[in-house]
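Trainee: Could we go through this model together, one question at a time?

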Amino acid sequence: MQGSPTVAPTENPIGRILVAAMAIGFLALLVAAGAAGYVVRQTNRHSDWVVHTYRVEGVLIEVRRLAEQQETARRGYMLAGGPAFLASFERAHAELLPQVAELRRLTADNPRQTAPMAVIEQRLADLDKAQRQTNALVQQGRGADALRQFRADSGLQRMQKLRDVFDAMAREERRLLALRDAEQATSRQTFSAVMAIAALLFLAVVVVTFLTIRRYTRDLHRSRTALAVLNATLEDQVKERTADLALANEEIQRFAYIVSHDLRSPLVNVMGFTAELSAATGPLAALIDRAEAEAPHIVTEEARLAAREDLPEAIGFIRTSTAKMDRLINAILKLSREGRRVLAPEMIALDQLVDQIADSIRHVIDDRGVTLHIARPMPVVVSDRIALEQILSNLIENATKSRHPDRAAEVHVSATETPGRVIVAVRDNGRGIDPRDHQRIFDLFRRSGQQDQPGEGIGLAHVRALAYRLGGTISVESRLGEGATFFLSLPPTLSIEGA
Amino acid sequence: MNDHRSVGIVMIEDDEGHARLIEKNIRRAGILNDIRHFTDGTPALDYLFNSPDGPAKSGPAMVLLDLNLPDMSGTDILARIKEEGSPLRRAPVVVLTTTDDKIEIQRCYDLGCNVYITKPVNYENFAQAIRQLGLFLSVIQVPEVEA
């Protein structure tokens with residue numbers, strides 16, 4: 001009992017911590033996965049760019065080579081004039097055109113390359129024009145003219161400029177590559193940092209989770225130990241309390257006994273001397289009678305009234321009151337004696353017991369015109385037969401008393417078994433009991449509602465005392481005008497230990 | 001055979017009213033024996049055992065004993081009367097009390113009481129019981145006290 005309130009509050013924060021740690025862990029995992037995905041994509045793109053750069057470079061070299069070859073073939077043709085040179089020139093030119101187109105395509109995405117590209121195309125076209133002019137001159141046999149034009153045109157410079165442009169383009173590609181390399185390195189670094197943070201986070205989560213679980217486990221272990229200890233001592237505690245209760249009960253019984261006994265003693269006197277007085281009024285009345293007959297003048301009206309009416313009336317009241325007091329005292333005595341009776345548990349089939357009770361109060365039931373319904377089957381209990389019989393007979397008889405003027409009286413008796421308890425219900429459709437009186441009716445000498453039935457208000461007090469002795473409880477559910485149901489809750493097996 | 005008049009009745013009863021009612025009804029039964037009434041246990045014991053005109057010293061007696069006394073329990077007096085070596089151990093003791101507790105009744109008989117009577121609350125019954133006791137007293141034999 002002491003352990004439960006301390007366990008309950010710690011359970012919630014632990015759950016929350018665990019959920020939070022798991023959420024953070026998953027988040028870290030998600031971030032790490034995202035970062036990895038990003039980096040992989042970045043790397044893929046980078047390698048694409050590297051390939052692209054190399055291809056551009058390759059094509060650039062090829063274009064340059066072919067341009068050089070074309071120029072070389074032209075020069076050879078100018079110097080030697082063989083048709084083989086012309087064929088080589090044309091071959092180089094034919095190969096050059098697609099390569100230039102390829103180069104344009106590859107560099108189209110880069111605005112910084114479009115201008116040199118245009119320059120190259122322009123120069124190549126110009127060069128091609130100049131070359132073809134010298135070639136045509138050589139073909140016509142005007143080699144010297146061609147050579148002169150070559151010199152004037154400064155073919156060397158033209159070629160040199162083309163080379164510079166090629167170099168610039170190659171440099172630009174190299175620059176881009178370097179830029180992309182740097183980018184790649186940065187993203188790799190970011191990735192490493194993200195991974196490191198995720199790893200740290202993960203480690204933290206693991207540590208927190210581990211610590212939390214360890215704490216929780218320790219708490220659990222501690223509460224389990226406490227529970228085990230509690231469990232082990234429970235039996236002793238119950239025994240102790242039962243003994244205390246038995247002692248207190250005994251004390252009350254003794255008190256009730258002494259009180260009732262000591263009350264009885266003066267009552268004997270009151271009744272005794274009242275009887276003496278009553279006996280004394282006989283001769284007195286006779287005397288008055290004789291006096292009236294023999295000497296009427298000595299009899300006063302007061303004396304006659306005193307002897308014939310006042311005295312008998314007073315004595316009558318004293319007698320009825322003492323008789324009632326005697327019944328009350330006897331009731332207390334009976335209760336206290338009931339508390340001291342040794343219980344003898346035995347197997348009792350409740351339906352048979354109820355039948356037996358119904359038979360024994362059959363005349364009362366029939367006189368009052370009550371229909372008694374017994375719900376079968378009923379469980380079997382191990383209890384004290386006499387006590388149980390008194391309880392049920394009191395409850396059933398009470399139920400038959402509280403008839404509602406507007407309807408036929410019915411009494412239902414049923415019994416149900418729940419784990420650890422047998423509950424007998426006695427239900428009537430009578431006048432009902434005001435909820436304010438639900439506790440009061442079980443007190444000695446207290447009654448509820450219209451007092452049109454004889455009784456001292458002992459029955460239910462007796463029933464409750466008996467129910468307690470059987471380890472049971474008694475309760476009532478009722479509303480005014482709607483009948484009442486009394487519930488007797490009993491242990492299925494009466495344990496007489498400590499009772 | 002003893003003369004009934006010579007058997008003294010010692011009544012130990014703390015309630016004056018009860019004592020009066022008992023005496024009245026015994027007298028109504030025609031018993032004229034001497035009745036000595038004590039409301040407390042101590043003077044009663046003193047009279048029973050030590051008084052020169054008490055039962056232990058001079059002549060047979062019977063005891064009417066109430067169990068609820070202010071200074072001691074009636075059962076103590078009963079035990080004193082009936083204990084081994086007591087000169088009064090054969091004297092008849094009638095326990096006349098309001099208690100009808102079974103254990104108490106058993107205990108009194110165990111201690112050697114001769115008759116146990118519960119005072120009926122109903123006076124008619126009470127008076128009748130006492131008168132019958134009176135009739136009983138008029139016929140029983142009481143042994144001589146051993147000197």
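Some questions and answers on helix packing and on a sheet follow.

Mentor: This is a predicted model, in which local features need pLDDT of at least 70 and side-chain atom pairs count only at pLDDT 80 or more, while totals for chains, interfaces and linings use all residues. Residues are numbered from 1 along each chain as its sequence is written, and chains are lettered from A and ligands numbered from 1 in the order in which they are written.

Trainee: How are helix 7 and helix 9 of chain A oriented to each other?

Mentor: Helices here are DSSP runs of H or I with at least four residues, and strands are runs of E with at least two, numbered from the N terminus. Helix 7 (residues 350–360) of chain A packs against helix 9 (residues 385–401) of chain A at about 55 degrees, with the axes 10 Å apart; axes are lines fitted to C-alpha atoms, for helices over the stretch in contact, and angles run from 0 to 180 degrees between N-to-C directions. Angles under 35 degrees count as roughly parallel, over 145 as roughly antiparallel, 65 to 115 as roughly perpendicular and the rest as oblique. The two helices of chain A are therefore oblique.

Trainee: How many of the residues of helix 10 of chain A are buried?

Mentor: A residue is buried if 20 or more other C-beta atoms, placed from the backbone, lie within 10 Å of its own, exposed if 12 or fewer, and partly exposed in between. Among those buried in helix 10 of chain A are Leu460(A), Val463(A) and Arg464(A). Helix 10 (residues 459–469) of chain A is mostly covered, the buried count among its eleven residues being eight.

Trainee: Which residue is the bridge partner of Val95(B) in strand 5 of chain B?

Mentor: Strand 4 (residues 93–97) of chain B runs parallel to strand 5 of chain B, and four bridges join them; strands pair if DSSP finds at least two bridges between them. The partner of Val95(B) in strand 5 of chain B is Tyr116(B).
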